[in-house]
Amino acid sequence: MWYAVVLGGGSGQRMQADRNKVLLDLCGVPILIRSLKAFDGLCDGMLVVIRKEDMQEARHMLDQWGYSHVQLTEGGATRQASVYQGILALPASCKFVMVHDAARCLIDRETIMRCKQSTEKHGSGVAAIPVTDTIKEVNEFEQTVATPERSLLRAVQTPQAFLAADLLCAHQYAMKDGYIGTDDASLLEHMGKEVQLVEGNIRNLKITRPEDLAVAATYLSTQSFPTLHIGYGYDVHQLVEGRKLILCGIEIPHTVGLLGHSDADVALHALMDAMLGSVALGDIGHLFPDSDDAFKGISSMKLLTIVKERLADVHAFVVNCDLTIAAQKPKLAPYISGMRESIASVLGLPVSSISVKATTTEHLGFEGRMEGISASAVVMTKMQE
């Protein structure tokens, strides 16, 4: 599993602000929220590390912007200590971790994907850009003593992605040696691990001073519109005795269930077809054929995870979705909230981006005769070119 540890510490002193800079507004959206939005759909979970005195305000902000599922963890006295606290708060199932400074709120999804892909291949992926200025090494009197070869220099950014086990070991090794690094990559270097750099983005600036806000606002004003796609999905399954009724990953008590090769979750099947259709990747019948025993009885939640990964392969992710389930019985209203949460947990989206509705057909058609259940879904996906 992939997790993002987003660092939100800082007093705002250099920003000349009266509070933590990541809680400040940038063109109508808080800096912290902008950073979290960049990781939507690209990781299985997010965790924000923040100062104790900012916890209450940050929690309110996350809830207000639909990120109530994001965990908050108290940071340490230094950036290095804060990252360590974030690592300790990760679930045992976390295999890969991205560390990102919330102050770099203009991070683009292409850079995040490059970091992920490099880590899955090489064990690390750190965003960096070539240095364009001439760099001078100086002594204590501000006199130049050397000019490093510029072509070999890189300005390192975040995110910095690693195997979670490697990053934990690197922090513990540094603690044992009393080593303080300037970033997480330096801790792995200190431990003797090679660190792979990937292409960053010159616009991925770190907001530190008041003038940085003005630069960021200019970047946002010139940012091109994302490519949005819409997909539609529809599915039907027959109701039969001896089968469980599962909708949106939730088992619902009923006298009959849906017939199918998998768990026959008609709602998720419609959702997956809409997701695949939005970027012209076919349908679930092609991806998970009923002639393949590997999918016999499989949970559609697992299939949804695979479909999400297929979209990520083409740099697409779900922005929001709207499902409608048509069933005469049973009454589905008590389960809607759980259905939304179930889908949101897989897609890595706030529950506010997931709509699930249930309707009857007033006893008309096969749904009205309780012979089957149908579901339709509309999905909007955002594609990074």
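Two strands are taken to pair if DSSP finds at least two bridges between them. On this basis, the predicted model contains an open sheet of seven strands in the order β5-β4-β1-β6-β10-β7-β11, with mixed pairing. The edges of the sheet are formed by β5 (71–74) and β11 (197–199); each has a single partner strand, so one side of each is left without a neighbour in the sheet. From one strand to the next, the twist averages 30°.

Within this sheet, strand β1 stands between β4 and β6 in the strand order. Its pairing with β6 is parallel and extends over six bridges, with Asp101 of β6 as the bridge partner of Leu7. On the β4 side, β1 is joined by five bridges, and these two strands also run parallel; here Gly45 of β4 is the bridge partner of Tyr3. An antiparallel arrangement is found for β7 (residues 124–130) and β10 (residues 154–163), which are joined by six bridges. In that pair, Ile129 has Ala155 of β10 as its bridge partner.

Strand β1 is largely enclosed by the rest of the structure, because six of its six residues are buried. The side chains divide between two directions: Trp2, Ala4 and Val6 point one way from the strand, whereas Tyr3, Val5 and Leu7 point the other way, and all are buried. Helix α3 (residues 79–88) lies across β1, β4 (45–50), β5, β6 and β10, and runs at about 145° to β1.

A search of the whole structure for aromatic pairs returns two. One of them is the stacked pair of Trp2 and Phe96, with 4.7 Å centre to centre and 20° between the planes. Trp2 belongs to strand β1 (residues 2–7) and Phe96 to strand β6 (residues 96–101), so the pair ties together parts that are 94 residues apart in sequence. Trp2 and Phe96 are both buried. The aromatic pair of Phe288 and Phe295 is edge-to-face, with 5.1 Å centre to centre and 70° between the planes; Phe288 and Phe295 are likewise buried. A ring is also involved in a contact with a charged group: the charged end of Arg109 sits over the ring of Phe317, at 3.2 Å from its centre.

In soluble globular proteins, nonpolar side chains tend to be buried together. The largest nonpolar core of the model has 49 residues, of which Leu271 and Ile343 touch the most other members. Two or more residues of this core come from each of β13 (245–247), α8 (266–278), α9 (284–287), α10 (300–313), β16 (316–326), α11 (336–347), β17 (354–359) and β18 (372–383). Helix α8 gives the most, with nine residues. When neighbours within four places in sequence are left aside, Ile343 is in contact with Cys248, Leu268, Leu271, Cys321, Leu323, Ile354 and Val356. Another core lies apart from this one and has 43 residues, among them Met46, Leu72, Val198 and Leu220.

Conventions. Residues numbered from 1 in each chain as written. Predicted model: local features only at pLDDT ≥ 70, side-chain atom pairs only at ≥ 80, totals over all residues. Heavy atoms only, no water. Phe/Tyr/Trp six-rings, centres within 6.5 Å; stacked < 30°, edge-to-face > 60°. Helix = DSSP H or I, 4+ residues; strand = E, 2+ residues; numbered from the N terminus. Buried < 20%, exposed > 50% of the residue type's maximum accessible area, 1.4 Å probe, protein only. Lys NZ or Arg CZ within 6 Å of the ring centre and 35° of its normal. Core = buried A, V, L, I, M, F, W, Y, C linked by side-chain atoms within 4.5 Å. Contact = heavy atoms within 4.5 Å. Axes fitted to C-alpha atoms, helices over the stretch in contact; angles between N-to-C directions.
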